[in-house]
Amino acid sequence: MIAGVVKTISGVRPAWWVALVLLILFPFPANDFFTVQIGAYSMILGLIGLSLMILAGYGGMVSLAQLTAAGLAAYVVAIFGVNSNDVLGFGWSWWIVAPLAIAVGTLFSALVGLIAVRTSGIYMIMITLAIAVSVFFFARQNYEVFNGFTGYAGITAPHIAGVDMRAPLPFYYLSLIGAVFFLAVTAFVEGSPFGLALQATRDNPRRVAALGYSVTAIRVFAFALAGVVAATAGVLLVILNGRVSPGTIGVDVAIDILVIAVVGGLRHPVGPFLGALAFVLLENFAIDLIDRERFNTVIGAAFLLVIFFSPDGLLGLWQKLSDRIKPIQTPTKSEH
Amino acid sequence: MDRPDALSRLQTAGQYALELEAVSRHFGALVALADINLAVKAGERRAVLGSNGAGKTTLFNAVTGDFPVTTGRIRFFGEDITELPAQERIRRGLRRTYQISLLFENLTVRQNLYVACRGVSPRRFSLRRPSPSDPATHMAELLAQATHLSDDLDRLVGTLSHGQQRQLEIGMALAGAPRFFLFDEPAAGLSPSERADLIDILGALPAHIGFIIIEHDMDVALRVSQGVSMMHNGRIFKEGTPAEIENDPEVQALYLGGAHD
């Protein structure tokens, strides 16, 4: 096992190590706004996007309910941790609340999978959208558990060894650890028996069943794994914001996640992180380019252009550029 | 789950591999299979012939469990598998290939065969990468060799020629411990030399493993099989040796239809 991990780590290309070092050094030249609102926030959105990429990229399943899994994990933190709303807020330790939140988000995602995997394509999008919408409205109308429209605020951040994890630098590194960990695990699992079987169900589910697999079990398990990633992102999100409300899991945000994953690229787990960075940059700075009412138009137009020129998203653009720079290299993956 | 061990497999000699008893399948008002009775011994090689729409592929789909039968029972080596889901039938040693190749186009030949080998072994859901000592890795290479694909192990399946995809289609079915095969038009669209290759591959299968082959090419079908079942409108209307079938006037009128040659 250890030998395998060492071998895998030593097989990582130098460019990735350079990127990692740059990301570790990033907060030092950057101010708090760039460190947290751009850097860390991109990684959180990237993780939720990664949750969708695992399902869509490897499994061919588009789920609009991954943000909901993240949001439920955030609600669990508010309900079992400390909040300032005088509703629930059991004040449990973070060491219990965080794993519990991730477990609930994972279970929810697996449940969504259990319901949705009987369908495919546009029907799966519809079913997961319906689940996302119903959880959104339920949270908005239920005051006993979700505290209705207001949601929860004043959620305290954990302190690890006396360090406030909401402070810019610790939070940035916490998010970085989360992002790198799940990126690496996803890339590793891609080549495992389960990872290959999942990709096989994307290409040809009937054949997978004819090889002795349960296609349903593969898909539900993929939803559960994607749920772990989304729920972890949800915990990070609530540490960052200190609040969670129905708006956190709104359909508009769920669509943002879809845009992030598709624009970033579904062929490699790093895609959603690129998409999230582009999205966050545009969200913050499109206002500087055009007046406030129209900044969504700029975001939309920018993403249309990316998809128009590269169906594989930003990843595909990157691939095209590097192919042009190094034309001698023969492409190993063919275009489809 | 009971796994057939070597001993029970020895005892199956002379036993029926596949028995269909009054099997029918309706799609609404359409009767795709009507009262099919079929018994194939372990090690027997049977060809199923019939015109398009006779119900040959439907028969395969019913046997592998792609959809439930409307009436009737299916037994595999004596065990009633009528109610079992597809993957359980596969784990018991039933294998099939498809008329139109069903492969994983965005994976390599090696990965396709590896997935096939892992499907019928335990720890299908392992999240760890295969080690070089993983028997399935080795098995995948052997299967590539058996189906003449050793030179293309790391090519994406989507880039293979049609003939190579047909070979891989068979390679995928050979994974694990197969006990009986259903081949659905393996020669469809092959060139004459690829056909010869295919006959080689089928002929090299261990003698104790039987199969049913659907084949339009009489040359292939009659060369690799010992018995023939003729299907028409969802029924089996004649069974016999290849020679009997070839010379049967009714069959000639219906299927071989002298007019074409």
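Predicted model: local features only at pLDDT ≥ 70, side-chain atom pairs only at ≥ 80, totals over all residues.

User: Which element gives the largest share of the side of chain A that touches chain B?

Analyst: Two or more residues each come from α7 (168-189), α8 (193-203), α9 (205-209) and α10 (215-241) of chain A. The largest share is eight residues, and the element that gives them is α8(A).

User: How much area do chain A and chain B bury between them?

Analyst: Here 32 residues of chain A are in contact with 33 residues of chain B. On the chain A side, the residues divide into 18 nonpolar, nine polar and five charged. Carbon and sulfur atoms carry 63% of the buried area, and the total is about 3,000 Å².

User: Is B:F77 buried or exposed?

Analyst: B:F77 is in the loop between β4 (71-76) and β5 (79-80) of chain B, and has a positive phi of about 50 degrees although it is not a glycine. Its relative accessibility is 11%, under the 20% cut-off, so B:F77 is buried.

User: Where is B:E185, which has a positive phi?

Analyst: Phi of B:E185 is near 45 degrees, and this residue is not a glycine. B:E185 has a relative accessible area of 9%, so it counts as buried. Its place is in the loop between β7 (180-184) and α7 (192-203) of chain B.

How values were computed:
Residues numbered from 1 in each chain as written. Chains lettered and ligands numbered in written order. Heavy atoms only, no water. Contact = heavy atoms within 4.5 Å. Buried area = accessible area lost by both parts, 1.4 Å probe. Helix = DSSP H or I, 4+ residues; strand = E, 2+ residues; numbered from the N terminus. Nonpolar A, V, L, I, M, F, W, Y, C, P; charged D, E, K, R; others polar. Buried < 20%, exposed > 50% of the residue type's maximum accessible area, 1.4 Å probe, protein only.
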